[in-house]
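Thanks for making time this morning.

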Amino acid sequence: MGVSGVTLRLDGARWREHLQTVSRATPGLVPVVKGNGYGYGLARLAQESADFGADTIAVGTASEVDAVREIFAGDIVVMSPWRPDNGLAVTLAADPRVISTVSRLADVAAIADLAVEGRRPRVLVEVLTSMRRHGIPAPDLDQVTSLLPQVDFVGWSIHLPILAEGRYPEAERLSRAARNTAPGTLWLSHLPADEGSALARQLGGANADPAPIRLRVGTRLWLGDESTRRTTATVLDVHRVNRGERAGYRQRVVPADGWIVVISGGTSHGIGLEAPTPAVSMRQRVISVATGSLEAAGLALSPYTIGSKKRWFLEPPHMQSSLIFLPRKQAPPAVGDEVPVELRLTTASVDRIVTD
Ligand SMILES: *Cc1c(COP(=O)(O)O)cnc(C)c1O
């Protein structure tokens, strides 16, 4: 048996092909490199971004800049709003490679105050969308005009909801409001590439060049092609059990004759009680209740697949391993086998990444 744990196996060539495809198809792509690095880590995504030729990446918070700045030599947008009481954000505003996102009128004034002779902070001004997360409401944008000359104005930030309905009209309305306030590049999130191109042409007008746009993309770029990766976990132990015996921290009654399979992966890997995607149809659920099966016995579906089916947790996952129940008729895996585990990579933390 090799090293055990939860492994992300990446088909490197295929993944990079996907990154290239998205990059070519997306006008002004700005890769989003934040959080757990979409399962891959910030450093790796920063390196990949450099490799496929991105000139700018976007991190989530000021504290993430450090993890990417030595690896990625281009510009770095900080997407969470710049605030004057965030010392690190204030320091970064003086960095010529960092672009701060400013979401309140008072903060535009405050960051403008940091300007020193010959160097003004680079700033995206965020417009409030129907997300209602951060941003200056469109009707108030005219109040920004007088402040813009005091900063190095890079453009407008517009973060749209993921829902498709009403997305394009909202993008268009807010983009027009912003560009009527001051011309500038539009930095949009959650607008598909084709809608981004259409918007740029529409805003540019009939006989003019398309308006400059940048599209920030995370999930669709890094995780968009599922065939580029597999996640697996190691079988650590297998025990034969009979119906009515007890097992686990909670000493649950085993619901039928079968096997307890101990597999690596638990709460510390981001493994929860339910598989990320429901693997059982309504019909299967009805059958399982009708036959007095495991779900009816109060078990929860796990993200582990054995014998081409998602299997049931005997009890909630432990910190680094999980107890899975298998009915007797299913041949159990061998200790050391790798079994597929479905992970939501934006919340998962794997033990290792293996690139083929
Ligand atoms: C996280 C984030 C993104 C990227 O979102 P994905 O759904 O992963 O593409 C884009 N814009 C902003 C402002 C974000 O916070």
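Let me start at the boundary between the two domains, where 6 residues of domain 1 are in contact with 8 residues of domain 2. Please keep in mind throughout that this is a predicted model. The domain assignment places domain 1 at residues 32–222 and domain 2 at residues 228–355, and the centres of the two domains, taken over C-alpha atoms, are separated by 42 Å.

As for the extent of that boundary, the area buried between domain 1 and domain 2 comes to about 570 Å², with carbon and sulfur atoms giving 47% of it. On the domain 1 side, 62% of the area buried against domain 2 is supplied by Asn36, Tyr40 and Arg44, which is more than any other three residues supply.

What holds for polar interactions here? Across the interface of domain 1 and domain 2 the rule finds 0 salt bridges, while 5 residue pairs, both members at pLDDT 80 or more, are in polar contact across it. Sorted by class, the side of domain 1 that touches domain 2 has 3 nonpolar, 2 polar and 1 charged residues.

Now to the ligand, whose surroundings include Val32, Lys34, Tyr38, Met79, Arg133 and His159, and also Ser189, His190, Val217, Gly218 and Thr219. Taken alone, the ligand exposes 390 Å², and the protein buries 87% of that.

Terms used
Residues are numbered from 1 along each chain as its sequence is written. This is a predicted model: local features need pLDDT of at least 70, side-chain atom pairs count only at pLDDT 80 or more; totals for chains, interfaces and linings use all residues. Side-chain values use heavy atoms; hydrogens and water are left out. Domain bounds come from an automatic or database domain assignment. Contact means heavy atoms within 4.5 Å. Buried area is the accessible area (1.4 Å probe) that two parts lose on being put together, summed over both. A salt bridge is a side-chain nitrogen of Lys or Arg within 4 Å of a carboxyl oxygen of Asp or Glu. A polar contact is a pair of N or O atoms within 3.5 Å; within protein, one must be able to donate a hydrogen and the other to accept it, and residues adjacent in sequence count only if both atoms are side-chain atoms. Ala, Val, Leu, Ile, Met, Phe, Trp, Tyr, Cys and Pro count as nonpolar, Asp, Glu, Lys and Arg as charged, and the others, Gly among them, as polar. A residue is near a molecule or strand if one of its heavy atoms lies within 4 Å of it. Accessible areas come from the Shrake-Rupley method with a 1.4 Å probe; for residues, only the protein chains shown count as cover.
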